[in-house]
Amino acid sequence: MPLSTFFRKFSIALCVFAAVFLKTYAACANDLDPKSEPFDSKEITFHHVLDQYEWEFFKKPDGTPVAIMLPRIIYDKHVHKLAFFKSTEDAREVGFSDAIDYNPDAKHGDLLLPGAKPLLDALEKELAKTTDPKVSANLHKRINEVYSEYDPLDFSITKNVVFMFIAAILLLVIFLNVAKAYTKNKGKAPKGVQALMEPVVVYIRDEVGKENIPNMYERFMPLLLTMFFFILFLNLLGLVPFSSNVSGNISFTLTLALVTLFVTNIRANKAYWKHIFWPPVPHFMKIIMVPLEIVSIFTKPFALTIRLFANITGGHIVVISLISLIFIFGKMGEAVTTGFSVGILSTLFVIAIGLLEIFVALLQAFVFTLLTAVFIGQAVAEEEHH
Amino acid sequence: MLLQVTSGVSQMYGIGAGLAAGLAALGAGVGIGLIGGNAATAIARQPEAENKIRATMLLTAVLVEGVALFGEVIGFLLSNK
């Protein structure tokens, strides 16, 4: 093997390992709490997996987070105006109150419109005084009413949105450069990033596009390629330390699946609808088949949603659980060495899982694109004459 | 009535969650094993059709995996009750 090839391979391997180690380190730094409170792995897992209103890096030993505050954009339905704030703190200063005080299901940072706090506080005080179950049921109902009245439409730029922007910018930069390279290197072999992307694009075109939508694949290639690379970039970005779990967010995957649903059904031809509403089976079978076919229109994107969401979130949860083990063991006994030795084992596992996650990131992006192509292919296939 | 029953056995949610996820994984494991094994046999018989077999295998495996993930999600939801 030539030395340069060896060095290239070595540096790639080093990058992969550095990424995994840093991820471990980042998670550790986040959760290393010097006070000997019981370790709550569930809360930490959710904190890592869910979306946030700030981009948190780690917590200082005294508990103050080191984070970039992200802007809040809230639609105030009482005055019909969009309100912009630099951070959640700024919004609190002008009278927005925290939803989590009144609703345990609310997320940290969810806000209620100005004016909610005095009303809700008064109701809560009354609730604390009363013992009559009828009155307290009434008060609960009233609290829910006030809560939903002051629950705003929140368009805030969350951590996930920031990472979607990052992925979009990366995609734009990379692919505009690649596109430019095709005019510059016309007639020559691809170079650099172009050479990296070309086989992937060609693979998606041949194995996904042509294979499943043989009659009109050119039309859907932009959609399929955008989906593939967008999901792939977000999956891989999710593995980077301090980053966000975008493709493991169910609203993100649902939106992508809805795109598939709309494209499939809007582009569908007559044969597809005939297959759903008048399948070529004996008449009495139609009673069973037609409802099933109609339901299957919606189960397909539903399965897409759950598949991407569960795979990516599952991977993140496994990594965080393995890291949590260190702290669970570390706080169990007096011996510090327990946590230390478990730590070595956990880190090894995390590396293994991390490498698997890189594969899963690729596979899930591919699978989402493949299934989209299969569904579109079914919808636009020309009717076969037997 | 039902509320009382469920609140009385709230400790059982964990067991239910584990069973849901575990059994779904069991079924999907058998399924994906069969798919992979048969694909290997098929490729051994017809090496020239490898690409087509691989694509079919992947597609079927993904559909089976979807079922396992439903089980996992149900387990996850139960465990958070």
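In this predicted model, helix H2 (residues 41-49) of chain A packs against helix H11 (residues 283-330) of chain A at an angle of about 140°. The axes of the two helices are 10 Å apart, and the crossing of H2(A) and H11(A) is right-handed.

**Contact of H2 with H11 in chain A**
- From H2(A), the residues taking part are Ser41(A), Ile44(A), Thr45(A), His48(A) and Val49(A).
- These meet Thr313(A), His316(A), Ile317(A), Ile320(A), Ser321(A), Ser324(A) and Ile328(A) in H11(A).
- By class, this contact of H2(A) with H11(A) comprises seven polar and five nonpolar residues, with no charged residues.

**Domains of chain A**
- The domain assignment divides chain A into domain 1 (72-154) and domain 2 (159-380).
- Between the C-alpha centres of domain 1 and domain 2 of chain A, the distance is 37 Å.

**Contact between chains A and B**
- Chain A contributes 11 residues to the contact, and chain B contributes eight residues.
- On the side of chain B that touches chain A, six residues are nonpolar, one is polar and one is charged.

- Lys191(A) is located in the loop between helix H6 (159-184) and helix H7 (192-212) of chain A.
- Lys191(A) counts as exposed because 11 other C-beta atoms lie within 10 Å, where the cut-off for an exposed residue is 12 or fewer.
- When neighbours within four places in sequence are left aside, Lys191(A) is in contact with Ala181(A) and Asn185(A).
- Ile250(A) is 59 residues from Lys191(A) in sequence, and their C-alpha atoms are 38 Å apart in space.

Key: Residues are numbered from 1 along each chain as its sequence is written. Chains are lettered from A and ligands numbered from 1 in the order in which they are written. This is a predicted model: local features need pLDDT of at least 70, side-chain atom pairs count only at pLDDT 80 or more; totals for chains, interfaces and linings use all residues. Axes are lines fitted to C-alpha atoms, for helices over the stretch in contact, and angles run from 0 to 180 degrees between N-to-C directions. Helices (H or I, at least four residues) and strands (E, at least two) are DSSP runs, numbered from the N terminus. A crossing is left-handed if the near helix is turned anticlockwise from the far one by less than a right angle, and right-handed if clockwise. Two residues are in contact if their C-beta atoms, placed from the backbone, lie within 7 Å. Ala, Val, Leu, Ile, Met, Phe, Trp, Tyr, Cys and Pro count as nonpolar, Asp, Glu, Lys and Arg as charged, and the others, Gly among them, as polar. Domain bounds come from an automatic or database domain assignment. A residue is buried if 20 or more other C-beta atoms lie within 10 Å of its own, exposed if 12 or fewer, and partly exposed in between; C-beta atoms are placed from the backbone.
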